[in-house]
Amino acid sequence: MMAPTEILAEQHFDTMKRFLEPMGIPIALLTGSTKAAEKRAVKAALADGSVQLCIGTHALLTEDVAFSALGLVITDEQHRFGVAQRAKLADKSRNAHVLVMSATPIPRTLSLIIYGDLQLSVIDELPPGRQPIDTFVISGAKRERALGFLRGLLDQGRQAYIICPLIEMGEVDTGLRPAREYADFLSEKDLKGYRLSLLHGKMKAADKDSIMRSFSRGEIQVLVSTTVVEVGVDVPNATVIMIENAERFGLSQLHQLRGRVGRGKEKSYCILVSDAKGETAKGRLSMMKQTGDGFKLAEYDLKSRGPGDFFGYRQHGLPELKIADLSDNMDTMKQARECAESILERDPELSLPEHAALGHLAKAMLEAVGTRPN
């Protein structure tokens, strides 16, 4: 089972250990930080089959990781990995079952193309005991009031995220609130006396992991961050997230960020701060306030922003469509998918004479993205 970050891999390891160890199923953890001697032991156990489940990061992809009988490959937060990376893990088996997971809601229309070769399952309900997250849209004029609300939750022992679109101010003042300067400002003004830390994507991986672990343990009360926290952070005690310049994010990304809170039994809140004047931007933020359904938000985002700007569109390895348009040609693409399924049902190897050219093109396409054609 492969996860994009060490902290997420460790969370999965702890969870699966609780499930499987009482049943006598041996599991292991393999990440970049695993000590050399332990790495050798884990790799040997995978090769001889004495470890049945290995949770890991990109470390699972190295050439010296071999499995005695790999039967199932699970990739969590699959959009954080390239197509070739996901295929590389599956290629360590003859014909393993493959399960890919993502918390990013994908519009139904887009999922037909992205996941066209997979059976799609959707989990659309909250775990037991979870409460819906209250979402508010405010202008910058109400920021101090919002920070007062945030302080009240901190005083109750809770934790908070504050998200900014930039790491630091560039040469041109864009009116966006940068994380570095904002963290300094808050630590001296509105949140003085609280334990506050900064997190962003340009930090070294070890530094990011260290900060996230401190936040998970409750040693940090407020995490001022860029969107680097959007994936795989489970801190049940964090009950409020405040997102600055919220109009700059896609709805699916806002929904993903909102999902950082509400992970425990306490009531949680999402505060979207925006001074956007445009009706489109205001309409999109209003949708965030109206619904917690990620699929409704994703469909709205796809229609309002267009497929070229849809969050995650390029990350899924989806080729640029030179003729079709996702907004107008979905019926045609559904028919193409059904036609492809029909062909593969009759001729899965594309070995019939009438499918020779199609087979050649399919093989070339798979080789182009680094996937071994079967």
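Predicted model: local features only at pLDDT ≥ 70, side-chain atom pairs only at ≥ 80, totals over all residues.
A contact here means heavy atoms within 4.5 Å.

Residues are numbered from 1 along each chain as its sequence is written, and side-chain values use heavy atoms, with hydrogens and water left out.

**Stop 1: the whole chain**

Colour by secondary structure and you will have 12 helices and 10 strands on screen. Helices (H or I, at least four residues) and strands (E, at least two) are DSSP runs, numbered from the N terminus. Now colour by accessibility: 44% of the 374 residues count as buried. Buried means under 20% relative accessible area, exposed means over 50%, and partly exposed is in between, using a 1.4 Å probe and protein chains only.

**Stop 2: the six-stranded sheet**

Select β5 to β10. They form an open sheet of 6 strands in the order β5-β10-β9-β6-β8-β7, with parallel pairing. At the edges are β5 (134–138) and β7 (196–199), each of which pairs on one side only. From one strand to the next, the twist averages 15 degrees. Two strands pair if DSSP finds at least two bridges between them.

Zoom in on β6 (residues 159–163) and β8 (residues 222–225), two parallel strands joined by 4 bridges. Within this pairing, I162 stands opposite V224 of β8.

**Stop 3: helices on the sheet**

Next, show helix α5 (residues 143–155). This helix packs on the sheet and touches β5, β6, β8, β9 (238–243) and β10 (269–273), with its direction at about 165 degrees to that of β9.

**Stop 4: rings**

How many aromatic pairs does a search of the whole structure find? There are 3. Rings of Phe, Tyr and Trp (its six-membered ring) pair if their centres lie within 6.5 Å; planes under 30 degrees apart count as stacked, over 60 as edge-to-face and the rest as tilted.

F149 belongs to helix α5 and Y269 to strand β10, so the pair links parts of the chain 120 residues apart. F149 is partly exposed at 34% relative accessible area, whereas Y269 is buried at 17%.

Now go to R177, which lies over the face of Y182, 4.6 Å from the ring centre. A charge sits over a ring if NZ of Lys or CZ of Arg is within 6 Å of the ring centre and within 35 degrees of the ring normal.

**Stop 5: salt bridges**

A salt bridge is a side-chain nitrogen of Lys or Arg within 4 Å of a carboxyl oxygen of Asp or Glu, and the count comes to 12. Here are some to select:

- K88 and E63: the closest N and O atoms are 3.6 Å apart. K88 is in helix α3 (residues 83–90) and E63 in the loop between β2 (53–56) and β3 (72–75), 25 residues apart. K88 is partly exposed at 37%, while E63 is exposed at 69%.
- D134 and K267: the closest N and O atoms are 3.1 Å apart. This pair links strand β5 to the loop between α8 (251–258) and β10, 133 residues apart. D134 is partly exposed at 30%, and K267 is partly exposed at 24%.
- R158 and E266: the closest N and O atoms are 3.3 Å apart. R158 lies in the loop between α5 and β6 and E266 in the loop between α8 and β10, so the pair ties together parts 108 residues apart in sequence. E266 is partly exposed at 40%.

Then select R143, R177 and E244 together: salt bridges that share partners join them into one network.

**Last stop: L302**

Finish in helix α10 (residues 294–305), where you will find L302. Is this residue buried or exposed? L302 is buried, with a relative accessible area of 7%. Draw a C-alpha to C-alpha distance from L302 to I106: they are 9.2 Å apart in space and 196 residues apart in sequence.

Terms used:
Axes fitted to C-alpha atoms, helices over the stretch in contact; angles between N-to-C directions.
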